[in-house]
Every structure is written in structure tokens, then in C-alpha cells.
Amino acid sequence: VDIARGKYIWFVDADDFIRPNSLSMISELILLNKYDYLKLNSYYFNDKEKFNPSDITPEMGQKSRKNLPTYILRKEHITDNNIYFDTNITYAEDAVFMLQIDPFLNCHTSIDDVLYFYRKRPGSAMSQNLNKKIISRINCITACDKIIQGKAVGNINAAINFKYISLTKIMGMIVKLPKEERKLFENKLKSSNMFPLKKNKKFKLHQNNKNLKLIKRIQNKLINESYTKIGYIKLLLFITIINLSKAIKAFLLRK
């Protein structure tokens, strides 16, 4: 951010890419209208997937596994308000950044064309080990709490929603850990008053269950309310039963 010389900044991760000629598509639009930011459509793909970027339609972008929008921001809104990425957050750091800068953004527009392509590959930030993801998500909740409590500037309603999203993601990952590691994270969350949260009828974690097997669908449904004490116990029991059935199956196959 500090060394950027343009009036606008587009954050592009090292393993992602943008559609050819996308800059020429948006430059006239953004410069003539002096928008605070542009919201762009994206497409989430596996590294082994073969496709032509020009063939990806807005509908395909919306239906991709994770439809994550990407933004082009006016640089002065970032630097003048001293909003920078939190270096303690290595996963979902862009979401926290957008929560913090949101109050300073007014005039904007959206582009339906898919211009940004998120790549999922082994070893990427999206595929880092569970412990790192959990710690990063905990730091996300800390950042959200600062906004909610008025200790930092940001979109309060969006921060509340993202806090629920982050804790739900955390509990869904914790249940996959060995018992001792799981207990450590459970105690850390409880001592920090991050878990459990009260049930929020307005909140629902949107997950794409299309083409998933029944067991995975049930698991995703349970994860939706794992931020509550009862919801987490249900998820933990479900995972325990699944692991036990796998162990029994493996034993019978050996026999």
C-alpha cells in the first residue's frame, strides 16, 4: 500500500489471476466516475481445472464453490484513515480489512463480469494446516470485537455477522483435532468469552451443499449452529460417531 503510486489499488494474491484485458475494461469506468470502490465478480477454481477465463459467465461465478467478491479501492481512503492489513491474521485478512474500511466508502458500483479468479492449490493460504487457520480466525474475532465495542472503526453489523462466521468456522475445524489440542482451543475460546455465543436467528452460514454426500450435508447443517454450546456438542457427537464407524469398518476389513 505504501509504495503504490496509483489512485486505486486492486489486491491480487500471488497464486490467483485476473482476466486478460480486465484493467482496460474498468479503467475508464472507475476514473471518469471517481468511485470510492468497485465490487467485482469472481470465480473459485481448483488448480487442476482447465478452462478459458473468457468463457466464465457471471452465473458460473455465482455458482462457484466460494463466490468471494474482490474490490478495487481508492487509495486515499486506505492511507488517510490509516487502515492496513492486520499481520496477525493470515487467513480471511481481506474480510477484516473490508470491515474496517467500509464506513469510509460511499460511492461505488459493481461489475457482473468475472474478472478475478481464486485458485485453490495444495500449500496455498486456503489450504494451510488447521491450527494456523484456527489461530487466524480467533484473531479475526478479536478484530471484530474491537469494532463491535467501539474501540476501532468499522461496520458494526457486518462485524457481528463475521464474528459468527469465524466462530462457526473455528468450531467446525476444532472437532477434527486430537482431543488434547481440541481442549486447548476450547479453553482458550471460553476464557476469552468468544465461545459459546447465543443463538442468532438472523445468522446462517451459507454453504454450497450441491453434489455433496448426505453425511457431509448433515455435518454442514450442524456446523451452522456450532457457535452455541448445544450446537457444538451435537457436532462433536456426530464427528465422534463418524470416526467410530470408520474405525469399526477398518477393523472388519482387516478381519
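1. Lysine 75 lies in helix H3, which covers residues 75-79; helices (H or I, at least four residues) and strands (E, at least two) are DSSP runs, numbered from the N terminus. The model is a predicted one, in which local features need pLDDT of at least 70 and side-chain atom pairs count only at pLDDT 80 or more, while totals for chains, interfaces and linings use all residues. Residues are numbered from 1 along each chain as its sequence is written, and side-chain values use heavy atoms, with hydrogens and water left out.

2. Leaving aside residues up to four places away in sequence, lysine 75 touches Val1, Asp2, Ala4, Gly6, Lys7, Tyr8 and Ile9, a contact being heavy atoms within 4.5 Å.

3. Leu167, Ile170, Met171 and Ile174 of H6 meet Arg182, Phe185, Glu186 and Leu189 of H7; helix H6 spans residues 156-174 and helix H7 residues 179-191.

4. For the protein as a whole, there are 9 helices and 5 strands, and of its 255 residues 39% count as buried. Of the contacts with a separation of 6 or more, 74% come from residues 24 or more positions apart. The C-alpha atoms fill a box of roughly 70 × 45 × 35 Å, taken along the principal axes.

Key: Axes are lines fitted to C-alpha atoms, for helices over the stretch in contact, and angles run from 0 to 180 degrees between N-to-C directions. Buried means under 20% relative accessible area, exposed over 50%, partly exposed in between (1.4 Å probe, protein chains only).
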